[in-house]
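Student: Could you walk me through this structure slowly? I'd like to ask things as they come up.

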Amino acid sequence: MRAKITYLVTAAVLVFYFVLVGSRGVMLIESGTLVTVTFGIAVLILPVIGVWFLWKNTQFVRKANRLAAELDAEGGLPVDELRRTEAGRIDRDSADEVFARRREETEAAPDDWRSWFRLAVAYHDARDTPRARKAMQRAIALREGRDGHAAEA
């Protein structure tokens, strides 16, 4: 729940920023000179890119949460079996061991979105966020009936 609140607050701050920047871009365009209109258009591009990026990330999170809920209903969510340090951090060797098992499961069933989901969690636990995201994208694509190879790197 804490992550959801953080995400919503961050999204709200970004939307506020996009509106603020967009209004400045409109003000520059309304000035009417060649330079200010050019800068105004350039400034308006930033919120457009930002809104697109926020929208794509929100879609990704919603789809990943849907997969997690479905996997949870099936009783297939990965169990947290990781050892932790005294400070509560995940032990790196433990994460590597779990990752190796998840990778083997995925290699044995490369078309199963569930194994890709669990691999994404293992990547995340091993602090490899880019690969975790790609594995989750693959899980989403497979669940949606798409090939999923485009998401793999």
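Tutor: Gladly, and please keep in mind from the start that this is a predicted model. We can begin with the charged side chains, for which the count comes to 14 salt bridges.

Student: Which residue pairs up with Lys63?

Tutor: Lys63 forms a salt bridge with Glu144, and the closest N and O atoms of the two are 3.4 Å apart. Because Lys63 lies in helix α2 and Glu144 in the segment after α5 (129-143), this pair ties together parts that are 81 residues apart in sequence.

Student: Why does Arg102 count as buried?

Tutor: Arg102 counts as buried because its relative accessibility is 8%, and buried means under 20%.

Student: Which residue does Arg83 pair with?

Tutor: Arg83 forms a salt bridge with Asp91, where the closest N and O atoms are 3.4 Å apart. Arg83 counts as partly exposed at 43% relative accessibility, and Asp91 is partly exposed too, with a relative accessible area of 24%. Besides such pairs, there is one network in which salt bridges that share partners join Glu81, Arg101, Arg102, Glu105 and Arg118.

Student: Okay, new topic. How many aromatic pairs are there?

Tutor: The count comes to two aromatic pairs. In one of them, the rings of Phe99 and Tyr123 have their centres 4.7 Å apart and their planes at 50°, so this pair is tilted. The pair links distant parts of the chain, with Phe99 in helix α3 (residues 92-108) and Tyr123 in helix α4 (residues 113-125), 24 residues apart.

Student: What lies over the face of Phe60?

Tutor: That is Arg133, which lies over the face of the Phe60 ring at 4.0 Å from the ring centre.

Student: Let's go to the loops. Where is Leu82?

Tutor: Leu82 is found in the loop between α2 (34-74) and α3, and with a relative accessible area of 11% it is buried.

Student: What is Leu82 in contact with?

Tutor: If we leave aside its neighbours within four places in sequence, Leu82 is in contact with Ile90, Ser94, Ala95, Val98 and Asp125. For Val37, by contrast, the C-alpha atom is separated from that of Leu82 by 56 Å, with the two residues 45 apart along the chain.

Student: And Val79, is that buried or exposed?

Tutor: Val79 is placed in the loop between α2 and α3, and it counts as exposed because its relative accessibility is 63%. Although Val79 and Arg118 are 39 residues apart in sequence, their C-alpha atoms are 9.7 Å apart in space.

Student: What about Ile41, where is that?

Tutor: Ile41 is found in helix α2 and is partly exposed, with a relative accessible area of 46%. Ile41 and Val26 are 15 residues apart in sequence, and from C-alpha to C-alpha they are 8.1 Å apart in space.

Student: Which residue has a positive phi although it is not a glycine?

Tutor: That residue is Arg127, whose phi is about 65°. Arg127 is found in the loop between α4 and α5, and it is exposed, with a relative accessible area of 51%.

Student: Last one: which residues make the nonpolar surface patch?

Tutor: Met1, Ile5, Val9 and Val13 make that patch, which covers about 440 Å². Met1 itself is found in the segment before α1 (2-31), and it is exposed, with a relative accessible area of 74%.

Conventions:
Residues numbered from 1 in each chain as written. Predicted model: local features only at pLDDT ≥ 70, side-chain atom pairs only at ≥ 80, totals over all residues. Heavy atoms only, no water. Patch = residues over 30% accessible without salt bridge, like charges linked within 9 Å, V, L, I, M, F, W, Y side chains within 5 Å. Areas by Shrake-Rupley, 256 points an atom, 1.4 Å probe, with all protein chains shown as cover. Salt bridge = Lys/Arg side-chain N within 4 Å of Asp/Glu carboxyl O. Helix = DSSP H or I, 4+ residues; strand = E, 2+ residues; numbered from the N terminus. Buried < 20%, exposed > 50% of the residue type's maximum accessible area, 1.4 Å probe, protein only. Phe/Tyr/Trp six-rings, centres within 6.5 Å; stacked < 30°, edge-to-face > 60°. Lys NZ or Arg CZ within 6 Å of the ring centre and 35° of its normal. Contact = heavy atoms within 4.5 Å.
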